[in-house]
Amino acid sequence: MVLPYAMQMGSGTFDAELGLTFLIQNDMVSFGSQLNTVIRMADNSNNYTLGNRYSLNNWFAVNATNWLSFSARVEGMLVEQIKGSNSDLNPMMIITADTYNSGGTFINSGLGFNLLVPSGTFKDFRLGFEYAIPVLQNVNGIQLQTNETITLGLQYAL
């Protein structure tokens, strides 16, 4: 079974992912801004290309202790519509098979914290948590919208 575009695991193409990061930090606070893009290089084997994606992510973090920090983030994202179409998908049968119902403009905001283990067996492990909500979701056509996003991650830094 061929799944609608929004339910597929990947683009089926080689994509260029480019990013540029600006960071200012000291012992107490950090501020950063990151510009990212995903450029779709060609049509996939089903004769369509997912839309290019452009995002600007800004964050601010403050250290409460040597092991705890809090952060705030705002992200703006533009996703272009799908170009072409998969002839195996019938847009009359399901809304998400219509390429008009893809892409849009999004603004998300998040609050989070990081826990860093400063010493011992788990030294330099970091547990991060963020709760994000959409501020703006201006989608093309009819699409599912995001209510909230919860991110939990474990990192190790040398």
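**A walk through the model**

Modeller: To begin, the side chain of R40 makes a polar contact with the side chain of D15, at 2.7 Å. Please bear in mind that this is a predicted model.

Colleague: Where is R40 found?

Modeller: R40 belongs to strand β2, which covers residues 29-40.

Colleague: Is R40 buried or exposed?

Modeller: R40 is buried, because its relative accessibility is 16% and the cut-off for buried is under 20%.

Colleague: Which residues does R40 touch, leaving out those up to four places away in sequence?

Modeller: R40 touches S11, D15, T49, L50, G51, N52 and R53 on that count. D15, the partner in the polar contact, is therefore one of the residues in contact with R40.

Colleague: Let us turn to N57. Which strand holds it, and which side chain does N57 join in a polar contact?

Modeller: N57 lies in strand β4. Its side chain and that of R73 are joined by a polar contact of 3.4 Å.

Colleague: Is N57 buried or exposed?

Modeller: N57 is buried, with a relative accessible area of 13%. Neighbours within four places in sequence aside, N57 is in contact with G32, S33, Q34, R73, V74 and E75.

Colleague: A change of topic: how many aromatic pairs does a search of the whole structure find?

Modeller: The search finds four aromatic pairs. One of them is formed by F125 and Y156, a tilted pair with 4.9 Å centre to centre and 45 degrees between the planes.

Colleague: Which parts of the chain does that pair link?

Modeller: The pair links distant parts of the chain, with F125 in strand β8 (residues 125-139) and Y156 in strand β9 (residues 149-156), 31 residues apart. F125, Y156 and F122 form one aromatic cluster.

Colleague: What is the accessibility of F125 and of Y156?

Modeller: F125 is partly exposed, at a relative accessible area of 28%. Y156 also counts as partly exposed, at 48% relative accessibility.

Colleague: And L115, what does that residue touch?

Modeller: Not counting residues up to four places away in sequence, L115 touches W67, L68, F125, R126 and L127. L115 is placed in strand β7 and is partly exposed, with 28% relative accessibility.

Colleague: How far apart are L115 and Y5?

Modeller: L115 and Y5 are 37 Å apart in space, C-alpha to C-alpha, and 110 residues apart in sequence.

Colleague: How does the lining of the second largest pocket divide by class?

Modeller: The lining of the second largest pocket divides into 15 nonpolar, 13 polar and three charged residues.

Technical notes
Residues are numbered from 1 along each chain as its sequence is written. This is a predicted model: local features need pLDDT of at least 70, side-chain atom pairs count only at pLDDT 80 or more; totals for chains, interfaces and linings use all residues. Side-chain values use heavy atoms; hydrogens and water are left out. Helices (H or I, at least four residues) and strands (E, at least two) are DSSP runs, numbered from the N terminus. Buried means under 20% relative accessible area, exposed over 50%, partly exposed in between (1.4 Å probe, protein chains only). A polar contact is a pair of N or O atoms within 3.5 Å; within protein, one must be able to donate a hydrogen and the other to accept it, and residues adjacent in sequence count only if both atoms are side-chain atoms. Contact means heavy atoms within 4.5 Å. Rings of Phe, Tyr and Trp (its six-membered ring) pair if their centres lie within 6.5 Å; planes under 30 degrees apart count as stacked, over 60 as edge-to-face and the rest as tilted. Ala, Val, Leu, Ile, Met, Phe, Trp, Tyr, Cys and Pro count as nonpolar, Asp, Glu, Lys and Arg as charged, and the others, Gly among them, as polar.
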